[in-house]
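Biologist: Hey, can you walk me through this one? I'd like to start with the rings.

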Amino acid sequence: MNYLIKKSDTLNSISNFLFLFGMSLFFFDFITINLTEVIKYELKGYELILGKTYVNQSNIIQYFPVEFWGIFTFLNLSIGLFVGLLNNIKLKPYLFLLSLAGIIGLLLLQIKFHFDYTLKNSHWTNITFENTYWILIINYAVIGCISFIDNIKTKESEIKTEHNKSTININIITQEKSNK
């Protein structure tokens, strides 16, 4: 069982830090929605997960429901951090898939917001995805690159280990007695 656990290395530590950093980005502004020049809503990442109700100066209540793609993205970060902390070689390839899924989830969140607040509404709406959103996409891309490089290094070390195993060849020579 010891062969499944690999010592912590620099790439693993960096990817764990990036997963934690990505989770912390959910405390900053993600999306700004301008319905008019006066009515403006700013949503933080955690408000996408929990939902948010605004009451503006005109006593108009605007409710932003829980966003599936926000939850999906945050769960990808949480699972990625958990897998990284486990440091199990067999689970390492999934970090690349989690980063890819995170990027896709963020892009689908962007498409959903544009559809819900610009195409469905009859009035002009301006949606701005803040720098935090774009930093999170870049963060996922860096995690994907690191996990891809880590997978290549793991495969190379497995090949070297297989190649360096010493083998002992035993040849048994037998002679037959011939009866004359």
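This is a predicted model: local features need pLDDT of at least 70, side-chain atom pairs count only at pLDDT 80 or more; totals for chains, interfaces and linings use all residues.

Biologist: Where do W69 and F72 sit along the helix?

Modeller: W69 and F72 are three residues apart in helix α3, so about one helical turn separates them. Helices (H or I, at least four residues) and strands (E, at least two) are DSSP runs, numbered from the N terminus.

Biologist: How many helices and strands does the chain have?

Modeller: There are five helices and five strands. Starting at the N terminus, the order is α-β-β-α-β-β-α-α-β-α.

Biologist: What about the inside? Which residues have the most contacts in the largest nonpolar core?

Modeller: Those are F30, I31, I33, F113 and L136, in a core of 35 residues. Helix α4 gives the largest share of this core, seven residues. A nonpolar core is a set of buried Ala, Val, Leu, Ile, Met, Phe, Trp, Tyr and Cys residues joined through side-chain atoms within 4.5 Å. Buried means under 20% relative accessible area, exposed over 50%, partly exposed in between (1.4 Å probe, protein chains only).

Biologist: And what does I31 touch?

Modeller: Leaving out neighbours within four places in sequence, the contacts of I31 (heavy atoms within 4.5 Å) include Y41, L43, F113 and I127.

Biologist: Is N76 buried or exposed?

Modeller: N76 is in helix α3, and its relative accessibility is 5%, so N76 counts as buried. Not counting residues up to four places away in sequence, N76 touches F19, L98, A101, G102 and Y140.

Biologist: Okay, charges now. How many salt bridges are there?

Modeller: The count is five, with a salt bridge being a side-chain nitrogen of Lys or Arg within 4 Å of a carboxyl oxygen of Asp or Glu. One of them joins the side chains of D29 and K44, at 3.0 Å from N to O. D29 is in strand β1 and K44 in strand β2, 15 residues apart, so the pair links distant parts of the chain.

Biologist: What does K52 do?

Modeller: K52 has a salt bridge to E47, with the closest N and O atoms 3.6 Å apart. The charged end of K52 also sits over the ring of Y54, 5.2 Å from its centre. That label needs NZ of Lys or CZ of Arg within 6 Å of the ring centre and within 35 degrees of the ring normal.

Biologist: Which residue is K112 bridged to?

Modeller: K112 meets D116 in a salt bridge, 2.5 Å from N to O. At 17% relative accessibility D116 counts as buried, while K112 is partly exposed at 30%. Salt bridges with shared partners join E67, K112 and D116 into one network.

Note on methods: Residues are numbered from 1 along each chain as its sequence is written. Side-chain values use heavy atoms; hydrogens and water are left out.
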